[in-house]
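Q: Could we go through this structure together? I would like to begin with its cavities and then turn to individual residues.

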Amino acid sequence: MSGNRQVSDMAIVGRVRWKRLAIVIAPAVAIAAILIGLTAEGAIAANVSVSGQQFLVTATQLNGTGFEQFGSDVTSSGSGTQPVIVSGIGSATLNSLCQAVKAGPITMRLTAGQGNTPVQATNLIVDASSLAGSSAEFHGITIGQDAGTLTATPGTAGASGGFGEQAATITIKNLVQHTWLTTAGTFTLPGLHLSFGGSCP
Amino acid sequence: MPNHKEPSQPFLVWRAAGERPGPYGAWRESWQRWRRTRPFWGGLLLGLGGIELIAIPLTGVLGHGAIRLVIYIGIGGVFGVLIGALMVTCGVLICVNPPHRTFYGIAGILLGILSFPASNLGGFFIGMLLAIAGGGVAFAWTPLPPEPDPPVVIGEPGESWEPDEPTDPGTGGLKGYTYYEEFQAPEGLDEPDELDDAEEPGEPDESGEPGEPEVPGESRAPSGLRYLGLAAVPLVLAASLLGAPGARATAAAPQQGAGSCILLIICLPSPNPSPTPTPSPGPTGTGTGPQPSASPSPGQPGQPGKSRHKGKHRTASGPDLVAATATSVITASSATLDAFVYQGAANVPTADGGTVKMMKFTATSMALSGDVTATVRQRGSTAVTTSPTFDFTGSVVLYATKLSGCLGALCVTLTPGNAVTVLLRLTGGLTGQLTLTLTHVITDQPLVMAGSLQSGRLSLSAG
């Protein structure tokens, strides 16, 4: 590398050749557009992992298998340590998902799964400061188990000694969550729509 | 970082003769020179895109500590962070090692495209667009041909120079300027008449300049053929990329276990003794009804564990269930219990290796109503769950350290081993036939297992 420094490329001033730029940008943009289109069709699963500020997640219905929940806390730059309720769902479908993220002055709103095809997520983990639903149904539930021994969502468990619960299946209607962190191994987002401004219903 | 950009002088850094550089001026000039001798803006954009991709998943998580981070984000999130890190690396290398800018530029573009499915939709498009733009600019950056520099090598540094030919078409001469010795052209010293062609700033070097026969022009792209090849690379790679997620989507459900297994190996010591983490591997999917779950709850309906549980319930120990030690209370205005039977005291293990003595009850159903509140306190924070109704059905098993409630006017508090529980134990056959309704129910350290739980309007909050 130090050899290269001596030769022409390092010493010679250059400039951007716009034709060359177009040749490489055009296929890249085309492929990106195809990917975006396929993702909006729900054909490609995206990977979502957001944290850092509180944001709102709503869905008209959440169905999940392999559910667990426990208490924990996150450290945020703004308000110090914040207790959260951690929910992990091994495999989930969400109808009419809406997620509003506030990034500085801009609110970004992501909606998907509005039609008949719901959003599908695997290994969905949500740190929420509050969670509400108009009704909920759990099957095969255990409440009060040690949070360190939860097994419903593999790879996720709370601190040993903490209070945890888990269920084989879960259904929550009209879910509203204020979350600090959302992450999912895969997220298929049929009918993906990203807009700026506005919030979730 | 000063972003000043001078409009003229496409390839030479001039300085007016009268303007003697102060220390700041020298710094500024060397910075400009450094910037112009490499695809700086491409690298910068690519690096910014990478930082944006990293920032989205990591900003608020760093407080979790590294291990928790890995657990939380999972292998997919690691990919997202990895893509951002690779983009930053490419951006830095583009600036540090410009001869390889083509490779790093295309790699940056591919990473940008890949970040769309892999990392928060390409950092909500921003990181992806920055990477494509930055990689493209780095790829398109070309050193100007070295031939057209004859004036540079004519004099000595610092020497004022009086041109007798119009060598600089832009400024109409070089009078009053000094120049840097760095920008010496190795060849073509004595062809000043070629300058007019070569110095055109907007002229692409492949656009048929007939001159410079003496220099083959290694920096000149030969023809569109090579461009086509370069353009095909992202296409081919993206085609394979498109093929892969399709397979991934179809294999999503079974893959879930496998991916987490990797995670388990990496970061979880698997505290439970029976590591069979396969929630619903069957074809039932999200169907209702009790599923073959990996939960160690012994009292689930339709499971072989139930009969085993019944066989040893007189000894009454929580078989392979670990009770939480955090302080927890469930209160309700009333509880309706079907076939409520006290099964005796049980020593339920806790995570610290000890056991806690709890009462064990069974019921076929347990309906809590009237401001059902579950309060959990741990490590200084409180989580409260409220709902108007909690209906447990299907082989309800309840462990508690203390249970109090009123049966009509008679209010009792049950703890393991007190007189009332002894009485309850004796009359277990009787209460098993009844439907009891308790009011003002308070359950300490509850550990509930049930086939299903139906809740009304549910609200959880942490504070």
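Predicted model: local features only at pLDDT ≥ 70, side-chain atom pairs only at ≥ 80, totals over all residues.

Q: How many cavities of 30 Å³ or more does the structure hold?
A: There are 15 cavities of 30 Å³ or more. A cavity here is a set of points on a 1 Å grid over the protein atoms alone where a 1.4 Å probe fits but cannot get out, and lining residues have an atom within 4 Å of a point. Grid points are joined across faces, edges and corners, and a volume is the space filled by probe spheres set on the points.

Q: How much space lies in the largest cavity?
A: The largest cavity holds about 330 Å³ of space.

Q: Which residues lie nearest its centre?
A: Nearest the centre of the largest cavity are A:Gln69, A:Phe163, A:Glu165, B:Thr385 and B:Leu460, out of 24 lining residues.

Q: Which elements supply at least two residues of that lining?
A: In chain A they are β2 (45-76), β7 (135-146) and β8 (163-188), and in chain B they are β6 (355-378), β7 (381-400) and β12 (458-462). The largest share, 5 residues, comes from β8(A). Strands are DSSP runs of E with at least two residues, helices are runs of H or I with at least four, and both are numbered from the N terminus.

Q: How does the lining of the largest cavity divide by residue type?
A: It divides into 18 nonpolar, 5 polar and 1 charged. Ala, Val, Leu, Ile, Met, Phe, Trp, Tyr, Cys and Pro count as nonpolar, Asp, Glu, Lys and Arg as charged, and the others, Gly among them, as polar.

Q: And what of the second largest cavity?
A: About 170 Å³ of space lies in the second largest cavity. Its lining has 18 residues, and A:Leu62, A:Leu124, A:Val126, A:Leu175 and A:Gln177 lie nearest the centre. The strands β2, β3 (80-95), β4 (97-103), β6 (119-133) and β8 of chain A each supply at least two residues of this lining, with the largest share, 5 residues, coming from β8(A). By type, the lining holds 12 nonpolar residues, 6 polar and no charged.

Q: Changing topic: which residues form a nonpolar patch on the surface?
A: The patch is formed by B:Phe79, B:Leu82 and B:Leu86, with about 280 Å² of accessible area together. Patches are made of residues with over 30% relative accessible area and no salt bridge, with nonpolar side chains (Val, Leu, Ile, Met, Phe, Trp, Tyr) joined within 5 Å and like charges within 9 Å. A salt bridge is a side-chain nitrogen of Lys or Arg within 4 Å of a carboxyl oxygen of Asp or Glu. Accessible areas come from the Shrake-Rupley method with a 1.4 Å probe, and for residues only the protein chains shown count as cover.

Q: Where does B:Phe79 lie?
A: B:Phe79 lies in helix α3 (residues 66-96) of chain B. The residue is partly exposed, at a relative accessible area of 48%, where buried means under 20%, exposed over 50% and partly exposed in between (1.4 Å probe, protein chains only).

Q: How many helices and strands are there in chain A?
A: Chain A has 3 helices and 9 strands. From the N terminus on, its elements run α-α-β-α-β-β-β-β-β-β-β-β. Of its 201 residues, 64% count as buried.

Q: What is the phi of B:Ser395?
A: B:Ser395 is not a glycine but has a positive phi of about 55 degrees, and its place is strand β7 of chain B.

Q: Is B:Phe103 buried or exposed?
A: B:Phe103, in helix α4 (residues 101-118) of chain B, counts as exposed at 58% relative accessibility. B:Gly108 is also found in helix α4 of chain B, but B:Gly108 is buried, with a relative accessible area of 0%.

Key. Residues numbered from 1 in each chain as written. Chains lettered and ligands numbered in written order. Heavy atoms only, no water. 1 Å grid on protein atoms, 1.4 Å probe; cavity = no way out; pocket = protein on both sides within 12 Å on 5 of 7 lines; lining within 4 Å.
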